[in-house]
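Welcome! Let us take a walk through a protein and the molecule it holds, one stop after another.

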Amino acid sequence: MNQFFTASISDTDLLISDAIHDEVRRQSDGLELIASENFVSKAVLETMGTVFTNKYAEGYPGKRYYGGCEFADVVEQAAIDRAKQIFGCEHANVQPHSGAQANMAVLMTALEHGDTILGMNLSHGGHLTHGHPLNFSGLYFKVADYGVNRETEQIDYDELQRKAEESKPKLLICGASAYPRTIDFERIGQIAQCVGAKVMADIAHIAGLVAVGLHPSPVPHCEFVTTTTHKTLRGPRAGLAMCREEFAKDLDRRVFPGVQGGPLIHIIAAKAVAFGEALSPDFKAYQQQVLDNAKALAASLAEAGLRIVSGGTDNHLMLVDVWLDGKGITGKEAEKALEAVNITVNKNTIPFDTQKPFVASGIRIGTPALTTRGMKVDEMAQIGGMIASVLHEPASDEVKSRVRREVAELTAQFPMYSSGMGSKSSEAGSAV
Ligand SMILES: *Cc1c(COP(=O)(O)O)cnc(C)c1O
């Protein structure tokens with residue numbers, strides 16, 4: 001027996017093995033409310049850790065630059081077929097290593113260096129790859145931006161139309177990281193058509209909702225659609241780029257060899273597994289619960305006196321104004337106070353924020369991960385109460401110890417992965 005192929009990490013590398021066990025425990029003992037995170041199934045997790053990581057498969061199914069790709073072809077073709085079935089798109093490229101790389105490939109497909117893009121302002125919910133000055137999208141393209149209306153805190157489509165007429169972008173980018181409302185892709189498609197622009201819809205956050213029809217699909221209205229696969233779509237950490245058939249060859253060339261080398265076949269295999277899960281009826285029920293939970297959580301926070309940006313949520317996330325014009329605390333302080341009781345959220349700017357992004361007036365909260373754990377509206381009401389009591393008295397140790405206890409009791413009722421996964425090498429019992 002060759003030890004190299006048989007020894008477990010708990011026998012070979014204690015530093016990393018213990019960190020893995022600590023992370024298993026952190027995930028299971030806390031309330032995970034980061035809107036961009038989720039928990040994958042055991043099947044997806046297992047698939048990522050397979051021998052496909054050993055395989056080079058530059059190229060595409062049936063047209064590889066390496067031998068021995070027959071099984072890599074099976075998994076990549078399955079991922080492509082399932083992605084097309086889920087989203088009803090004409091073409092899917094499943095190789096992007098991340099959402100950012102999917103966007104990079106699309107921008108390089110649709111644009112020449114120096115062309116103009118029109119994207120949503122980052123401080124109103126957009127993403128770095130939609131034109132931030134420090135990102136490739138801001139470095140290599142001219143950027144115009146649109147945002148939300150000051151009153152409604154929702155996308156102002158009339159302003160978007162004006163900005164499009166003014167800036168004459170070659171590519172209009174929609175989709176967001178922190179926008180709690182339904183996006184009108186049809187209207188955006190019409191605006192783009194008026195000014196002769198193409199559209200990229202980045203559905204990184206809402207892909208799971210789109211997959212089951214609980215958010216209108218951008219596919220009929222946009223030339224390009226990109227997404228991550230690890231947020232509401234609940235797959236491995238990676239990206240996916242889709243387009244109309246006429247751009248298929250160009251897009252494939254931009255993904256490889258344009259911005260990437262060899263594809264991560266083990267991750268693509270896990271995408272295929274996650275896409276298979278997304279096609280099952282259970283997934284639709286899951287997404288409906290994500291929505292119901294977000295509404296329940298937003299309602300309980302509003303009832304406790306916090307301000308929900310735009311007055312509510314249509315999707316899996318909400319932005320909560322915790323600063324309240326100086327009557328509350330900063331987003332940074334809120335994130336820290338909640339972390340101290342094992343509730344994980346992220347600070348986030350709110351539209352027209354008066355604080356710097358690193359401080360921020362708000363927090364972003366999402367329900368995908370806790371919904372995967374099995375929590376429902378009753379638990380959301382309970383969690384809303386916990387969050388509000390910590391934010392109302394962030395300095396109180398008494399409140400913190402009470403809420404910490406409540407978090408422990410609640411999480412214990414919703415176990416994750418196998419029970420053995422939390423034990424450290426130094427403790428009794430076998431690992432993983
Ligand atoms: C998360 C996100 C991305 C980037 O995904 P990565 O996999 O982290 O690169 C891109 N666009 C939007 C809108 C996102 O929310």
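How do the residues of the shell around the ligand divide into nonpolar, polar and charged? Keep that question in mind as you look at the model, which is a predicted one. The shell holds three nonpolar residues, eight polar ones and two charged ones.

Now let us see who these neighbours are. The ligand is surrounded by 13 residues, and the closest are Gly99, Ala100, Ser177, Asp202 and Lys231. Helix H6, which spans residues 99-110, supplies the largest share of the shell, with three residues.

Some of these neighbours can be followed down to single atoms. Take Ala100: a polar atom of the Ala100 backbone is 2.8 Å from an oxygen atom of the ligand. With Asp202, the side chain takes part instead, as one of its polar atoms lies 2.5 Å from a nitrogen atom of the ligand. Lys231 also uses its side chain, where a polar atom lies 2.8 Å from an oxygen atom of the ligand. On its own the ligand has 380 Å² of accessible area, and the protein covers 84% of that.

Helix H3, made of residues 14-29, gives the largest share of the patch, three residues. Is Leu15 buried or exposed? Its relative accessible area is 68%, so Leu15 counts as exposed, since the cut-off for that word is over 50%.

Two further stops show the opposite case. Ala144 sits in strand S6, which runs through residues 142-146. Because its relative accessible area is 15%, Ala144 is buried; that word applies under 20%. If you look for His130, you will find it 14 residues away from Ala144 along the chain, with 9.8 Å between the C-alpha atoms of the two.

The last stop is helix H16, residues 377-392, where Ile383 has its place. Ile383 has a relative accessibility of 0%, and therefore counts as buried. How far apart are the C-alpha atoms of Ile383 and Leu31? Although 352 residues separate Ile383 and Leu31 along the chain, their C-alpha atoms are 8.7 Å apart.

Note on methods
Residues are numbered from 1 along each chain as its sequence is written. This is a predicted model: local features need pLDDT of at least 70, side-chain atom pairs count only at pLDDT 80 or more; totals for chains, interfaces and linings use all residues. Side-chain values use heavy atoms; hydrogens and water are left out. Helices (H or I, at least four residues) and strands (E, at least two) are DSSP runs, numbered from the N terminus. Buried means under 20% relative accessible area, exposed over 50%, partly exposed in between (1.4 Å probe, protein chains only). A residue is near a molecule or strand if one of its heavy atoms lies within 4 Å of it. A polar contact is a pair of N or O atoms within 3.5 Å; within protein, one must be able to donate a hydrogen and the other to accept it, and residues adjacent in sequence count only if both atoms are side-chain atoms. Accessible areas come from the Shrake-Rupley method with a 1.4 Å probe; for residues, only the protein chains shown count as cover. Ala, Val, Leu, Ile, Met, Phe, Trp, Tyr, Cys and Pro count as nonpolar, Asp, Glu, Lys and Arg as charged, and the others, Gly among them, as polar.
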